[in-house]
Each structure stands twice: as C-alpha cells, then as structure tokens.
Amino acid sequence: MAATVSGSKTVTIGVAPHLSAPVLTLLMATAVENLTVAQLNMLRDAIDRIGKGAPLGSTLGSLLQ
C-alpha cells in the first residue's frame with residue numbers, strides 16, 4: 001500500500017498506523033525548515049514504506065525528490 005498524494009499535497013492513503021493520511025498531510029503542509037528531526041524521520045519512514053515500484057508523481061516520495 002502506497003501513500004498517494006493529490007492536489008496540494010493531500011495524502012489520501014496512510015502507510016502505517018502512526019503514518020495515517022491526516023498525519024502525512026500535516027507533515028507535507030509544513031515548510032521543510034519548520035520540521036523537527038522527528039518529523040523528518042517520520043517522512044523518511046513513510047518514503048521507505050512506499051517502495052521503489054510505486055508510480056512517480058503519485059507518491060509522497062516524488063514530492064521530496
């Protein structure tokens with residue numbers, strides 16, 4: 001299961017219980033310079049869980065490349 005995004009960084013599917021769609025949407029709405037180290041680690045964890053086979057342009061990782 002991949003975290004998909006649409007429109008203005010709205011995540012529609014979570015990737016884990018602690019990385020739900022609302023949590024990921026909130027993280028994506030936060031400016032990078034305002035993220036804490038823990039929040040950056042949460043984003044990294046989400047990207048690692050998405051997998052390499054997910055289509056570009058529809059995943060959380062594509063926004064951070």
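Follow the chain along the sequence and you'll read the pattern β-β-α-α-α.

Before clicking further, note that this is a predicted model: local features need pLDDT of at least 70, side-chain atom pairs count only at pLDDT 80 or more, and totals for chains, interfaces and linings use all residues. Residues are numbered from 1 along each chain as its sequence is written, and side-chain values use heavy atoms, with hydrogens and water left out.

The protein chain exposes about 4100 Å², and carbon and sulfur atoms supply 61% of that (Shrake-Rupley method, 1.4 Å probe; for residues, only the protein chains shown count as cover). Of the 65 residues in the chain, 29% are buried. Buried means under 20% relative accessible area, exposed means over 50%, and partly exposed is in between (1.4 Å probe, protein chains only).

Next, hide the surface and select Val11, Val15, Ala16, Leu19, Ala21, Leu24, Leu27, Met28, Leu35, Leu43, Ala46 and Ile50: these 12 residues form the largest nonpolar core. Such a core is a set of buried Ala, Val, Leu, Ile, Met, Phe, Trp, Tyr and Cys residues joined through side-chain atoms within 4.5 Å. Helix 1 and helix 2 (37-50) each supply at least two of the core residues, and helix 1 gives the most, with four.

Keep those two helices on screen. How do they pack? Helix 1 and helix 2 meet at an angle of about 120°, with their axes 11 Å apart. (Axes are lines fitted to C-alpha atoms, for helices over the stretch in contact, and angles run from 0 to 180 degrees between N-to-C directions.) That makes helix 1 oblique to helix 2; angles under 35 degrees count as roughly parallel, over 145 as roughly antiparallel, 65 to 115 as roughly perpendicular and the rest as oblique. To see the contact (heavy atoms within 4.5 Å), pick Val23, Leu24, Leu27 and Met28 of helix 1 with Gln39, Met42, Leu43 and Ala46 of helix 2.

Then click Ser20, in the loop between strand 2 (10-11) and helix 1 (21-29). At 24% relative accessibility, Ser20 counts as partly exposed.

Last stop: Arg49, in helix 2. Arg49 and Val15 lie 34 residues apart in sequence, but 6.7 Å apart in space, C-alpha to C-alpha.
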